[in-house]
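I will begin with a few terms and then walk through the parts one after another.

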Amino acid sequence: MLTFHNVCSIPSFFQLMGIPGLESLHIWLSIPFGSMYLVAVVGNVTILAVVRVERSLHQPMYFFLCMLAIIDLVLSTSTMPKLLGIFWFGAGDIGLDACLGQMFLIHCFATVESGIFLAMAFDRYVAICNPLHHTTVLTHAVVGRLGLAALLRGILYIGPLPLMIRLQLPLYKTHVISHSYCEHMAVVTLTCGDSRVNNVYGLSIGFLVLLLDSVAIAASYVMIFRAVMGLSTPEARLKILGTCGSHVCAILVFYVPIALSSLIHRFGHQVPPPIHTLLANFYLLIPPILNPIVYAVRTKQIRERLLQILKIGIKIR
């Protein structure tokens, strides 16, 4: 590590603290975090396997659900193994490039997930408001292009963040990050240079994604609600609202924690560090856990297929 003026230095690695203020409880915290990570992996892999095996689920809604499952696996796996390593072995060291890579993965795929939710809202809008053209509008090729567009948008938006840190902010006050992973603001606050460009860019991108996507999703559901209210029978209304209910639950589970965590990190200076770090980890863990549960419970086809698999497993035993 090169040092300048006995204050700032160019670190070759960083030291992640895990959950600051709760170091004595790390071994106990590993139990719930490890359990939640296991549930997230099993749940999302199960969704991918069920959709792949069941040909009746080869529809746009379930293809988007598979994209969501892959993103959730990336988000949870980019942080949880390292966090568990800190809890169990105190392995908090992470290289500078590895730290920036982790930062990119987390923020990029969170942006991609928001884009997939937007695509799912569009799918529900076409399926309910224009059902006769659903199969012609949302073909497999179009679904693939929407997924690719969400991925490219995430790369385009988030790619400059680690590059700006690497090229413009090489000096750091300390190599100790008071966080469990390389979150953008947690790293930027350690730099010695002028970080205003990074702060403004990160905040702008965050609000741009959250605001535009949430407004577009809300608009689609307003139109869906108006179409549903025009249906003649209450049974049809309840069926369609039930289909959209799982999507709305998943959206709320994703957007609420990520918005709270972002606002607390920038403006909640009175919030104790352990609370903020726990919340930041929960927004990477709770959606991957709840998304498979919500969709498996509320989606008839997935629920029936899972029950069939469980029955076959019991018979084999």
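Before anything else, a definition: two strands are said to pair if DSSP finds at least two bridges between them, and the strands themselves are DSSP runs of type E with at least two residues, just as helices are runs of H or I with at least four residues, both numbered from the N terminus. What we are looking at is a predicted model, in which local features need pLDDT of at least 70 and side-chain atom pairs count only at pLDDT 80 or more, while totals for chains, interfaces and linings use all residues. Residues are numbered from 1 along each chain as its sequence is written, and side-chain values use heavy atoms, with hydrogens and water left out.

Which order do its strands take? Three strands form an open sheet in the order 4-3-5, and the pairing is mixed. Strand 4 (93-95) and strand 5 (176-177) stand at the edges with a single partner strand each, so one side of each has no neighbour in the sheet. As a general point, strands of a sheet pair through backbone hydrogen bonds, either parallel or antiparallel.

Strand 3, which covers residues 13-16, runs parallel to strand 5 and is joined to it by 2 bridges, whereas 3 bridges join strand 3 to strand 4 in an antiparallel arrangement. If you follow Gln15, you will find that its bridge partner in strand 4 is Asp93, and that its bridge partner in strand 5 is Val176.

Now to the helices. Thr277 has its place in helix 11, residues 273-298, and Thr277 is buried, with a relative accessible area of 1%. Which residues does Thr277 touch, once its neighbours within four places in sequence are left aside? Contact means heavy atoms within 4.5 Å, and by that rule Thr277 is in contact with Gly18, Ile19, Pro20, Ser178, His179 and Ser180.

Pro272 lies in the loop between helix 10 (234-267) and helix 11, and at 43% relative accessibility Pro272 counts as partly exposed. Pro272 and Ala121 are 151 residues apart in sequence, and their C-alpha atoms are 36 Å apart in space.

Finally, the chain as a whole. The secondary structure of the protein chain comes to 12 helices and 5 strands. Of its 317 residues, 45% count as buried, and along its principal axes the C-alpha trace spans about 75 × 50 × 35 Å. Among the contacts in the protein chain with a separation of 6 or more, residues 24 or more positions apart account for 78%.

How values were computed. Buried means under 20% relative accessible area, exposed over 50%, partly exposed in between (1.4 Å probe, protein chains only).
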